[in-house]
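Subject: Structure for you to look at

Hello,

Here is the structure I promised. Please open it first, then read my notes below.

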Amino acid sequence: MNDSLLEIRDLHLEFHTFEGVAKVLAGVNLQLRRGEFLGLVGETGCGKSMTALAIPRLIPIPPGRITRGEVIFEGKDLLQLNDKGIESFRARELGYVFQDPVTNLNPMFSIREQLIDAVVYQSDANGRKPAGQRRRPASSRQKRRDAFQRSIELLHMVGIPDADRRIHDYPHQFSGGMRQRVLIAMALAGEPKLLIADEPTTALDVTIQAQILRLIQELGRKMGLSVLLITHNLGVVAKICDRVAVMYSGRVIETAPVRDLFNQPLHPYTQGLLKALPHAQSERGGLEGIPGHIPDLISPPAGCRFHPRCAHVMDHCREVVPPVSRKTAEHHVFCHLFDETEEYGHAR
Amino acid sequence: MGAHGNPVDHSTNATMNIYIYVLRRLLLVIPVLLGLSLITFSISRLVPGDPVGLAAGPQSTPEIRERMAAEFGLDRPIPEQYINYMAGVLQLDFGRSLYTKRDVNIELQARIPATLELTLAAIIFASTIGIPLGIVSSLHQNKPPDHVSRLLTLFFVSFPSFWLAMIFQSALGVYWDITPVAGRFPRLALPPQRVTGLLSIDSLLAGDLTAFFSTLHHIALPAFVLSLGALASITRITRASMLEALNNESVRTERSIGIPWALIVMKYVLRNAFTATFTIISLEFGWLMAGAVLVEAIFGWPGLGGYIVDASLNNDFQPIMGVTLVYGVIFSTVNIITDICYGLIDPRIRFG
């Protein structure tokens, strides 16, 4: 599809550990379209964050190793870029917001210093000056002065009150929610096309969580960003995402528009996940879980990695990795139960 | 927007904070020095032995010894002796040596700069080599540059400095005759006019380049030998704290923003790692002053080391007290400077 901004194809990632080789990602397929919010959900350890980190190549490469696959961004494979190329991709096209705002800002430098660097390097890479500045080649001091103005605007944009004073403060003088706003400002300083938000609200108070999500939603829509939102909170997905991809043990097992996924989950794992949601209306009886455990990544089950926990398991689930089945053009599932309902033919 | 805000107000506030911070540190030195003097004084008086007898010699009569004790105020009760001594110290009078009968002041004045210059040279050398070596090591963790640096530093900490001193002295000083064997300045040359007492600085102030290079020539080998242990510690601590800082999540954020790797390392990571490096430099400075005793002895360096060794052998407590207090003052000064540096490096401390 040509409205695709980012496409991950058959991505395999291993980690070399003392106990052996952990097959962290085993053929991830994921597509992110221009201007859409895609939720990436799954349990802890299923590879959501690793998938996201692999996009801008932020995975530490000795223990980690990408053995197969492509990450296509606007037609180029990011995995093939040299160091300079990937650095400029990060500066120009990408904003990344991480989980913990406390550890993600450098405690030794003022917000001003960190924001100015973000603005300077992102606008340098873009070959464009911070909005509305003069055209003659700017000295580096002039550049930093312009970037300072732009930084204050960015802080206003993410809703920091009193930004022109607070910009001189240090991270420890900000609350967690405020720090996350600053990090969002840094991520968006270069007007990227892609925003990856890796559990951006997990470390925050519940009341602040909603504010930060709303901020991401508003800014994302306003700037026409494609957003990859990683979360284990399906409620968040339902609220702000257009589509959702469910991961299980290193693979994407189902992708669908949000409404379809909630109304008609196909993969037995997705069904279990939705049943495990607490409902306000539901009668008491507590929560329902999925029996079994997350598989060991060093010696994962052959075939479909969910088969040991699956109620509908068939013989060939234990041997063959399920290919994609397209329930509709938009609703894809990787499960042998749907092999025969195949209507649209295999993709590649 | 667009208005400049009011950064001036804010920075004034920050400067104020720094002054208060420095003042607090300075005030804390007073009890430290008082405690130090009390402890050294008590130890020197309570330790068994008869300093007066040693100083007066085996032939002396009890009358001579009594007269001597009275002359030095040693017949008074110990608390009174302490108060008298401290009253003198406040006027920078450290008393007189029982043994040589020379004023401790005069000796200290001549010897403090010599030790200070040697220790400073050693710590500067150790830092300028150790910090970059540690950084390179951390950036190439478990690769050849790291192995080389770790092996070297292991050698440096493992060899005792007095042994290295003798080896280098006989190789470079005697066999190849590249460096002077001993001393601080050529015996027959006239030293520059004394301003700071540090010969290198005084000779520069006097505009005497020959004297300056001669000073460097003399100090090079002892300072080098003295620095090796510190160099090793500084390298290793820098490497370890750099590795820790490189693993910080903020580094990943900075990379995701697209800030060039070199800038991330030299600006952000280094600053995070520097607190630990500063700590070890200031600690090493104290240890080097102590370690200088042996190196000074081998290279005939006219510093505090030789003085305190002689005084200890004769149970001559006035010089011991004097030197100990001087060590205390230097050590506290270094600590204050370090504390101020912490404040400058880490805003959480400055505003805390």
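Start with one pair of residues. Glu113(A) and Lys267(B) join their side chains in a salt bridge, with N and O 2.7 Å apart. A salt bridge here is a side-chain nitrogen of Lys or Arg within 4 Å of a carboxyl oxygen of Asp or Glu. The rule finds 2 salt bridges across the interface of chain B and chain A.

Before you go on, some ground rules. This is a predicted model, where local features need pLDDT of at least 70, side-chain atom pairs need pLDDT 80 or more, and totals for chains, interfaces and linings use all residues. Residues are numbered from 1 along each chain as written, chains are lettered from A and ligands numbered from 1 in the order written, and side-chain values use heavy atoms, without hydrogens or water.

**The interface**

The rule also finds 10 residue pairs in polar contact between chain B and chain A, both residues at pLDDT 80 or more. A polar contact is a pair of N or O atoms within 3.5 Å; within protein, one must be able to donate a hydrogen and the other to accept it, and residues adjacent in sequence count only if both atoms are side-chain atoms.

On the side of chain B that touches chain A, H10(B) gives the most, with 8 residues. Helices are DSSP runs (H or I, at least four residues), and strands are too (E, at least two), numbered from the N terminus. By class, that side of chain B has 12 nonpolar, 11 polar and 9 charged residues. Nonpolar means Ala, Val, Leu, Ile, Met, Phe, Trp, Tyr, Cys and Pro; charged means Asp, Glu, Lys and Arg; the others, Gly among them, are polar.

The contact (heavy atoms within 4.5 Å) takes 32 residues from chain B and 35 residues from chain A. About 3200 Å² is buried between the two chains, and carbon and sulfur atoms give 59% of that. Buried area is the accessible area (1.4 Å probe) that two parts lose on being put together, summed over both. In chain B, Arg252(B), Ser256(B) and Ile257(B) lose the most area to chain A, together 18% of what that side buries.

**Within the chains**

Chain B has 14 helices and 0 strands. Its C-alpha trace spans about 85 × 55 × 40 Å along the principal axes.

Over all chains, the count is 31 salt bridges. One of them links Glu191(A) and Arg150(A), with closest N and O atoms 3.6 Å apart. Glu191(A) lies in the loop between helix H7 (176–188) and strand S7 (194–198) of chain A, and Arg150(A) in helix H5 (residues 140–157), so the pair ties together parts 41 residues apart in sequence.

Best wishes
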